[in-house]
Amino acid sequence: MTGQPGVTHMTVLALLHRSLHRSLAATFLVGTLAFVVPAHAALEIDISGGTETGVPIAVVPFDQPASVDDLGQIVADDLARSGLFAPIDRQAMPGRPASPDDLRIDDWRAGKARYLVMGQTESTGDRLQARFFLVDVSSGERITGSQISAPASAARTIAHRISDLIYEELTGDRGAFSTRLAYVTERGGVDDKVFTLQIADADGANPRTVLESPYPIMSPSWSPDGGKLAYVSFEGNRSAIWVQDLSTGDRYQLTDFPGINGAPDWSPRGDKIAVTLSKGSNPDIYVIDVDTRRTTRWTRSGAIETEPTWYPDNRTLAFTSDRFGQPQVFRKTRPDDRARRLTFEAPYAAGPRISPDGEQLALVVREDGGFFVAEQSLADGDRKLLSQGGSEERPSYAPNGAMVVYAAQSGNGSVLKISPVIGGEPQTLRYDRGKVRDPVWGPFND
Amino acid sequence: MWRMLTRMPGAVIVAVLLHLLLALAIVFNQLWKPERIEPSGQQADQPTIEAESVSSAAIEKQAERMRQQREAREQEVKQQTQAAEEAAAARRAEQARAEQLAELRKQREQAAKAEAERLARLKEQQAQLEAERQEAMEDAKAAREAAEAAREKAEAERREAEQAAQRRAAEEKARQKAEAAKKAAEEKARKEAEAARKAAEEKARKEAEAARKAAEEKARKEAEAAQKAAEEKARKEAEEKARKAAEEKARKAAEEKARKEAEEKARREAEAARKQAEREARERALQEQLAAEQQARAEQDALSRWGAAIKAKVRRNWQRPPGAQPGWTCTVTVRQDRDGRVRNVSVERCDGDRLFERSVVQAIEASSPLPKPELESIFQEELRFNFKPE
């Protein structure tokens with residue numbers, strides 16, 4: 001409510017008093033009042049608070065062949081994982097429309113859902129033809145819709161693509177549901193340990209092993225084109241950095257320095273790889289030119305410096321250093337720059353990753369005796385926790401920056417979890433019998 | 001001349017006949033004379049030697065006798081001529097007199113006409129009366145002067161005629177000294193002519209005088225009468241006018257007074273009516289003001305409650321998506337119909353992401369129909385909402 005109607009009212013009264021001595025007052029008054037009532041300033045209403053909740057969205061089960069994965073469920077899970085949406089229970093749906101012709105919008109208006117996704121899929125030979133619609137339940141308008149075709153074996157990619165389109169339409173940001181993850185698993189007993197390097201869909205489905213080894217595998221890093229992985233392998237009981245082509249399986253050794261060869265991170269343009277090398281001494285940060293293999297040393301302190309990671313500018317590095325006693329995150333733009341500290345007020349800060357927009361820092365902090373994945377604003381240093389367990393490590397940003405994947409202890413094993421950076425309940429991707437660690441989110445598939 | 005001829009054809013014919021007679025007499029005299037003289041001359045040129053001789057004395061006597069006879073005849077002719085001339089003079093005098101009379105008559109007519117015109121004008125214009133009267137008098141004077149002039153002219157002509165007659169008589173007298181016999185005739189003729197002349201003269205004079213006097217008198221009397229009539233008329237008209245003016249003035253004064261009184265009365269009544277109307281208007285305005293204030297208060301309260309009801313419903317329906325940042329604000333303008341059904345939601349300004357903006361629009365749409373106000377009068381078709389996360 002504003003004071004403006006009152007002000008108008010007062011003005012009218014003042015006018016009235018002034019015009020009382022006139023015989024015309026009566027007519028004037030009537031005319032003025034008739035005019036004043038609709039002349040109230042527009043009623044202004046402030047709404048604050050509201051209920052913060054995932055946007056209720058109804059993803060109606062698609063009209064699809066039974067042999068194909070439940071595309072509607074895949075879409076609903078994708079959207080739920082973003083933290084922005086709250087897909088409603090199928091049991092609460094008042095109908096199962098597959099196209100606008102079947103949709104009785106008034107039935108849906110009575111329910112919770114604000115958006116509705118429906119679609120149908122046909123199998124023609126070895127291909128799938130899908131069609132979907134996104135409807136605004138409140139207004140009844142069809143917001144978007146599309147037709148997607150894919151091989152029958154790639155049914156899930158159709159669902160992820162639909163998720164991306166919905167996400168992009170409703171948020172204005174690019175969806176990252178069609179991307180991939182890479183991670184390392186460890187299973188087996190003391191005598192028969194098996195380490196694998198795996199890639200999977202962004203929801204953890206479709207895992208493929210790209211390397212299996214009796215020796216530990218660590219720290220995979222995607223080439224920006226998504227075609228290669230660099231990783232650390234302890235083959236022969238000494239660490240080395242390898243680069244492997246994912247489509248061919250070809251691999252080569254990038255570094256084989258004495259001592260530690262670890263934590264490779266591919267630069268955003270793919271021309272450089274930052275690594276940690278000890279060369280028989282304490283670990284320092286080096287940058288290796290991918291083509292010439294020329295190595296440049298970036299740090300020279302007597303402390304441990306490791307976990308280098310690139311800024312999107314392709315020339316600045318963030319890294320962890322214990323030069324002040326405990327691990328903290330620093331950054332450098334050139335090898336001879338003074339390192340600038342980025343993390344304060346935390347006894348432990350490690351595992352840094354810079355968000356794709358360059359504005360946030362994801363990291364692991366120690367708090368209340370636990371290790372949590374957190375996100376810190378590079379602008380003002382504000383930090384918020386993204387994980388809830390207290391034994392999380394190695395966060396990695398989705399290419400749209402909306403989610404972070406990390407490893408978390410779970411009972412005797414460990415799992416991958418994804419947290420929306422806006423906060424909210426983390427989603428657990430999969431539970432392996434062994435341990436899952438060092439997840440890293442791949443680039444967009446384009 | 002033609003006018004005279006037409007006016008006095010008898011006199012003219014007599015004059016012409018007289019002239020013709022005289023001319024015939026002269027011709028006969030001339031025709032006779034040569035017949036008598038020429039034979040004598042021949043006789044004188046042809047001496048009769050053989051006949052008895054005639055004494056020169058006898059011849060002288062005879063010649064003398066014959067000469068006397070001739071002169072007497074000549075004298076007679078002269079006298080006749082003179083008489084004729086005198087008659088002509090008398091006729092001319094008569095003519096002049098007649099002309100004078102005609103002139104006088106004409107002048108009278110003119111004067112009368114002028115008088116008539118003047119009278120007519122007098123009727124028309126009271127103010128010109130005096131001038132016209134003078135003009136009439138002048139006219140009369142002019143007529144008098146004209147008559148005088150005519151009289152003087154006649155006198156002069158008469159004197160001239162007399163002088164001519166006397167001169168001729170004198171000449172004749174001198175010649176008559178030699179001729180005694182002739183004298184009697186001459187005298188007689190002269191006396192007769194004189195008498196005739198005098199008689200004619202006297203008559204002409206008297207008639208002219210009488211005519212003049214009559215004309216003068218008439219003109220004078222007419223002028224006097226006209227003047228008197230004009231004066232009388234002017235006086236009467238002036239009196240009438242004065243009377244009428246007085247009446248008119250009195251009437252107007254009465255009217256003016258009545259008018260003023262009526263005006264004054266009307267003014268007082270209008271004033272009273274105006275004051276009454278103002279009083280009523282004031283009371284009405286006060287009552288309406290009170291009513292308006294009450295209405296305004298009631299509307300204000302109703303508006304507050306309406307706003308609160310709308311706010312509660314929209315807030316309940318706002319499902320704010322995660323990630324809204326403090327400081328985000330969305331301002332939307334909403335158009336509704338009388339039943340509260342949302343017709344249009346337009347985002348004026350939104351600091352926030354797309355999902356946030358969508359949630360705001362959906363909150364409004366999900367709240368349709370919006371609560372209705374208690375008072376129809378405060379209904380507003382357009383509402384504004386400011387959405388803030390905190």
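Which residues in α6(B) are buried? They are B:Leu355, B:Phe356, B:Arg358, B:Ser359, B:Val360, B:Val361, B:Gln362, B:Ala363, B:Ile364, B:Glu365 and B:Ala366. Here a residue is buried if 20 or more other C-beta atoms lie within 10 Å of its own, exposed if 12 or fewer, and partly exposed in between, with C-beta atoms placed from the backbone.

A word on what you're looking at: this is a predicted model, where local features need pLDDT of at least 70 and side-chain atom pairs count only at pLDDT 80 or more, while totals for chains, interfaces and linings use all residues. Residues are numbered from 1 along each chain as its sequence is written, and chains are lettered from A, and ligands numbered from 1, in the order in which they are written.

With 11 of its 13 residues buried, α6(B) is mostly covered. Helices (H or I, at least four residues) and strands (E, at least two) are DSSP runs, numbered from the N terminus. The expected span of a helix is 1.5 Å times one less than its number of residues. For α6 of chain B, residues 354-366, that gives 18 Å, and its end C-alpha atoms are 18 Å apart, so the two agree.

Next, the place where the chains meet. In chain B, 43 residues are in contact with 40 residues of chain A; contact means that the C-beta atoms of two residues, placed from the backbone, lie within 7 Å. On the chain B side, α5 (180-317), β1 (319-320), α6 and β4 (382-388) each supply at least two residues. The most comes from α5(B), with 19 residues.

β1 (residues 43-48) of chain A and β4(B) pair in the parallel sense over 6 bridges; strands pair if DSSP finds at least two bridges between them. Within β4(B), B:Arg384 is the bridge partner of A:Glu44.

Most residues other than glycine have a negative phi, and most peptide bonds are trans. In chain B, a cis peptide bond joins B:Ser368 and B:Pro369, with omega about 0°. B:Pro369 sits in the loop between α6 and β4 of chain B.

| Residue | Phi | Loop in chain A |
|---|---|---|
| A:Asn206 | about 60° | between β9 (194-201) and β10 (208-213) |

A:Asn206 counts as partly exposed because it has 14 C-beta neighbours inside 10 Å. A:Asn314 is partly exposed too, with 13 other C-beta atoms within 10 Å.
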